[in-house]
Structure formats: C-alpha cells, structure tokens
Amino acid sequence: MSSSNDRDLEKVYQDLEEQAVRHTRLALDHMKQYGIEPEGEVRPFLPPSERNEEIKRLPYEHDARQVVTYETEAGEFSALCPFSGLPDFGTLRIEYVPGDWIVELKSLKYYIVSWRQVGAAQEDLTPIIFDDLMQHLDNPEYLVVTTEYNVRGGINTTCTIDSRQQ
C-alpha cells in the first residue's frame, strides 16, 4: 500500500473515531435528561445513520404468493448498547409475502452485519429495520420484523412490527 493510501485510510479511521465519540456523548447526554446514567466502562459507538442502508432487491415474477422468511442464527445479529457500548446479541427474523420484489441475500447479510458498530436501544432497532426493508421491498403483501435479544439481567426482550397492524 502506498503512503498516500495509508494517509487516506488513517483519515477514514480518525473521522470514524471522532464521529463515534461525538455520537456516544450525544447519546449519553440524551439519556441523562431522563435520569439514566451508565455504570462502569463506556465504549464509543456509531449512530444508526452509519448502518449500511443498501439492500438490493430482485424482481419477484411469480403469480404464486409465498411466505419468505429469513432468520439469523444466534449471535449473527448484534448492535451495541447505548449505555455501555457492549454488544447486544439477538436473532433477527424477517417474514414477508413479496409484491414485486424479493431481498437479495448477500446485501441483506451486509446490512445485518453493519449494525455491529451501531449503538441504539433494542426497541429502536426494529422500526428502523422495518422501515428500511419496507422501502426496498416497496409493496409486499405484508412484512413482519422481529428482533429477539439474549436474556440480560433476567429479562428477555422481543420486539415485533407487523405491517398488517400498522
């Protein structure tokens, strides 16, 4: 790698680090307004806007209506806790009946992995993912997005958005 490429890469890393620190401070200040302060060590995290928003799609050209379900293996879906920066591991389940489009799986995997450096409350992730998929699928007959997180502190968190209930 040339020294100019090294400098460019160093600038990218520096910009990401500054953005993560800035966003982490904003998130902690926001939570402090509600009397919530982190305990112990805090690690920086990126805002949801830094996720990979590109989800490719392919035409669905069949008359038959089928239910398509994608579900991650345990540990494949994670984001960072906005209180500590520690990972929240869970399972992401997507179910839909295609309209004109289906999701291209490789781009879905990149989308899912992009959440790993993002700090957001568990309850905030599900509607963002739902909106992203709804935008790319355009006109599914229905879409259901469920996130189920590993038990933490004895509490299991499951969040579901079903387009038929909106």
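Mentor: At 0% relative accessibility, Phe-77 counts as buried; buried means under 20% relative accessible area, exposed over 50%, and partly exposed in between, with a 1.4 Å probe and protein chains only. This is a predicted model, in which local features need pLDDT of at least 70, side-chain atom pairs count only at pLDDT 80 or more, and totals for chains, interfaces and linings use all residues. Residues are numbered from 1 along each chain as its sequence is written, and side-chain values use heavy atoms, with hydrogens and water left out.

Trainee: How many aromatic pairs does a search of the whole structure find?
Mentor: The search finds three. Rings of Phe, Tyr and Trp (its six-membered ring) pair if their centres lie within 6.5 Å; planes under 30 degrees apart count as stacked, over 60 as edge-to-face and the rest as tilted. One of the pairs is Tyr-70 with Tyr-96: the centres are 5.8 Å apart and the planes at 50°, so this pair is tilted.

Trainee: Which strands hold Tyr-70 and Tyr-96?
Mentor: Tyr-70 lies in strand 2 (residues 68–71) and Tyr-96 in strand 4 (residues 87–97), so the pair ties together parts 26 residues apart in sequence. Helices (H or I, at least four residues) and strands (E, at least two) are DSSP runs, numbered from the N terminus.

Trainee: Are those two buried or exposed?
Mentor: Both Tyr-70 and Tyr-96 are buried. Phe-77 and Tyr-149 form another tilted aromatic pair, 6.3 Å centre to centre with 45° between the planes. Phe-77 belongs to strand 3 (residues 77–80) and Tyr-149 to strand 6 (residues 142–152), so parts 72 residues apart in sequence are tied together.

Trainee: Changing topic, which residues of helix 3 are buried?
Mentor: Among them are Leu-125, Ile-129, Phe-130, Leu-133 and Leu-137. Seen down the axis of helix 3, the buried residues fall within an arc of 170°, so they line one face; the arc is that of the directions from the helix axis to the C-beta atoms.

Trainee: What comes just after helix 3?
Mentor: Asp-138 follows, with a positive phi of about 70°.

Trainee: And how many disulfides are there?
Mentor: The count comes to zero, a disulfide being a pair of cysteine sulfur atoms within 2.5 Å. For Cys-81, the nearest cysteine sulfur is that of Cys-159, 14 Å away. Cys-81 is buried, with a relative accessible area of 5%, and Cys-159 is buried at 12%.
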